[in-house]
Amino acid sequence: MRSHAIEAAASARKEAGVSPSPIWTKMSMVFAAIGEGLALQRRYSTLTARGVSSDRALHQALKDIDDRARQR
């Protein structure tokens, strides 16, 4: 779930034959994790707003995020 700017920068570095620095790699992982956390929160909120119990909504939201990650 990386942003367009991050993807463009990574692509430019790859085309230039420059390998990503360790800090760049770590920052990309952090941004991806934040994005997944926000997506999880949105899915959980949607489910609980529809009347799904908190426990069931959490399990479903986690499953949905896991399914999306496996499709990549």
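In the predicted model, aspartate 66 has a relative accessible area of 35% and is therefore partly exposed. The side chain of aspartate 66 meets that of arginine 70 in a salt bridge, with an N to O distance of 3.1 Å. Arginine 70 is exposed, its relative accessible area being 66%. Because the two residues are 4 residues apart in helix H3, about one helical turn separates arginine 70 from aspartate 66.

A search of the whole structure gives 3 salt bridges. One of them joins aspartate 67 to lysine 63, whose closest N and O atoms are 3.0 Å apart. Both residues belong to helix H3 and are 4 residues apart, about one turn of the helix. Aspartate 67 is partly exposed at 31% relative accessible area, and lysine 63 is partly exposed at 45%.

A salt bridge is also formed by aspartate 64 and arginine 43, with 2.6 Å between the closest N and O atoms. Aspartate 64 lies in helix H3 and arginine 43 in helix H2, so this pair ties together parts that are 21 residues apart in sequence. Arginine 43 has 28% relative accessibility and counts as partly exposed.

The axes of H2 and H3 (residues 54-71) come within 9 Å and cross at roughly 140°. The two helices are therefore oblique to each other, and their crossing is right-handed.

Helix H2 spans residues 22-49 and includes isoleucine 23. This isoleucine counts as exposed because its relative accessibility is 56%, where exposed means over 50%. Together with Met27, Val30, Phe31, Ile34 and Leu38, Ile23 makes a nonpolar surface patch of about 560 Å².

Definitions and conventions
Residues numbered from 1 in each chain as written. Predicted model: local features only at pLDDT ≥ 70, side-chain atom pairs only at ≥ 80, totals over all residues. Heavy atoms only, no water. Patch = residues over 30% accessible without salt bridge, like charges linked within 9 Å, V, L, I, M, F, W, Y side chains within 5 Å. Areas by Shrake-Rupley, 256 points an atom, 1.4 Å probe, with all protein chains shown as cover. Salt bridge = Lys/Arg side-chain N within 4 Å of Asp/Glu carboxyl O. Buried < 20%, exposed > 50% of the residue type's maximum accessible area, 1.4 Å probe, protein only. Axes fitted to C-alpha atoms, helices over the stretch in contact; angles between N-to-C directions. Parallel < 35°, antiparallel > 145°, perpendicular 65-115°, else oblique. Left-handed = near helix turned anticlockwise from the far one by under 90°.
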